[in-house]
Amino acid sequence: MKRILPIIVLVLVALSGFVAKESLRTVPNESFTAGELLKYKVHYGPITAAEAVIDIAPGLHRINDRPTYKATVYGKTTSSFDLFIRIRDTWQSYIDTAAILPHRSFRNIEEGSYRKRETVDFNHFTNTAQVEMKKKNKDKKQSTHKIPAGAQDIVSGFYYLRTLDYDRFKPGDKFTIKGFFDEEAFDMVVTYQGRETVNTKAGSFRAIKLVPRMPKNKLFKGEDAITVYLSDDRNKVPVLISADMFVGAVKVDLYEHKNLKHKPALVAQK
């Protein structure tokens, strides 16, 4: 018996460590599901400069032996705006259905003559990310990076925003989302600024107003240059995004949606 007890203890410790390692958080999600489709117009001042489509594939995918949503963002400039700069971008994220964390992300960037392809594999048990990158006329590069616990990519971060309970916030309250993008970890501080009604091509929505703090860069004017509006209903769909850029104002406007999890709560027109 004296020999057996230490062996039992060792087995239990090993098993408990295995369970802890294999477990991920669970984030309640009543806002989106597979098959959702969102379409946007991108306005540069009075000009419709581009279109964007955000969809979740109808079926689930399995990455790292976990069920995931395959969320894809497609963006392209209009034929008239192609004369200034032709953009054909695809961003993709495989998002854990329970943890709302990315397991793999993909970017294919075509902007003018610039080309970039990138795949990031996230390991949320070791808090590391494997990056494979290929730029035009350059060799493929691979690298490994430490990431913070609960790190989001850009696409999964927007879906995570849709899971939060904004009734617990007061205007001016801030919260932080941990992220990893362009081979760097970052903290995205978001300010909740209350509710207001916004008009979109898809109708008028009572909306949740969020302002993410932007780091210094050459695109946006100041830290509070971007405002994101989520529908103030159970879907929490991004219905409008406005951005103050050094080259002018940009507005991303929802004009069509399909397969929402809940019926959208539109504001009746007077």
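Which residues form a nonpolar patch on the surface, and how much accessible area do they have together? Leu 83, Phe 84 and Ile 85 form this patch, with about 380 Å² of accessible area between them.

## Basis of the model

This is a predicted model, in which local features need pLDDT of at least 70 and side-chain atom pairs count only at pLDDT 80 or more, while totals for chains, interfaces and linings use all residues. Residues are numbered from 1 along each chain as its sequence is written, and side-chain values use heavy atoms, with hydrogens and water left out.

## Overall architecture

The chain contains two helices and 15 strands, where helices (H or I, at least four residues) and strands (E, at least two) are DSSP runs numbered from the N terminus. Of the 270 residues, 43% are buried; buried stands for under 20% relative accessible area, exposed for over 50%, and partly exposed for the range in between (1.4 Å probe, protein chains only).

The accessible surface of the chain comes to about 15200 Å², and carbon and sulfur atoms account for 56% of that area; such areas come from the Shrake-Rupley method with a 1.4 Å probe, and for residues only the protein chains shown count as cover. Among contacts (heavy atoms within 4.5 Å) between residues at least 6 apart in sequence, 47% join residues at least 24 apart.

## Surface patch and exposed loops

Leu 83, a member of the nonpolar patch, is placed in the loop between strand E4 (66–77) and strand E5 (88–96), and Leu 83 counts as exposed because its relative accessibility is 75%. Patches are made of residues with over 30% relative accessible area and no salt bridge, with like charges joined within 9 Å and nonpolar side chains (Val, Leu, Ile, Met, Phe, Trp, Tyr) joined within 5 Å.

Asp 65 lies in the loop between strand E3 (61–63) and E4, and counts as exposed at 60% relative accessibility. Asn 137 likewise has a positive phi of about 60° although it is not a glycine; Asn 137 is found in the loop between strand E8 (128–135) and strand E9 (141–146), and is exposed at 73% relative accessibility.

Rolling a probe the size of a water molecule over the atoms shows where empty space is left. A search of the whole structure finds two cavities of 30 Å³ or more, a cavity being a set of points, on a 1 Å grid over the protein atoms alone, where a 1.4 Å probe fits but cannot get out. The largest cavity has a volume of about 110 Å³, volume being the space filled by probe spheres set on the points, which are joined across faces, edges and corners.

The largest cavity is lined by 14 residues (those with an atom within 4 Å of a point), and Ser 105, Arg 107, Glu 118, Asp 153 and Phe 181 lie nearest its centre. Two or more lining residues come from each of E5, strand E6 (102–111), strand E7 (114–123), helix H2 (154–161) and strand E10 (174–181). The largest share, three residues, comes from E6.

## Salt bridges

Side chains of opposite charge can pair when their charged atoms come close. The structure holds 17 salt bridges, each defined as a side-chain nitrogen of Lys or Arg within 4 Å of a carboxyl oxygen of Asp or Glu. Arg 107 forms one of them with Glu 118, the closest N and O atoms being 3.1 Å apart. This pair links distant parts of the chain, with Arg 107 in strand E6 and Glu 118 in strand E7, eleven residues apart, and both Arg 107 and Glu 118 are buried.

Arg 88, which is partly exposed with a relative accessible area of 22%, forms a salt bridge with Asp 82 at 3.0 Å between the closest N and O atoms. Lys 258 forms another with Glu 256, where the closest N and O atoms are 3.7 Å apart; Lys 258 counts as partly exposed at 42% relative accessibility, and Glu 256 is also partly exposed, at 25%. Salt bridges that share partners join Arg 107, Lys 116, Glu 118 and Asp 182 into one network.

## Buried strand residues

Val 189 is found in strand E11 (residues 184–200) and counts as buried at 16% relative accessibility. Val 189 and Pro 212 are 23 residues apart in sequence, yet 5.8 Å apart in space, C-alpha to C-alpha.

Notes: On a 1 Å grid over the protein atoms alone, a cavity is a set of points where a 1.4 Å probe fits but cannot get out, and a pocket is an open set with protein on both sides within 12 Å along at least five of seven lines; lining residues have an atom within 4 Å of a point.
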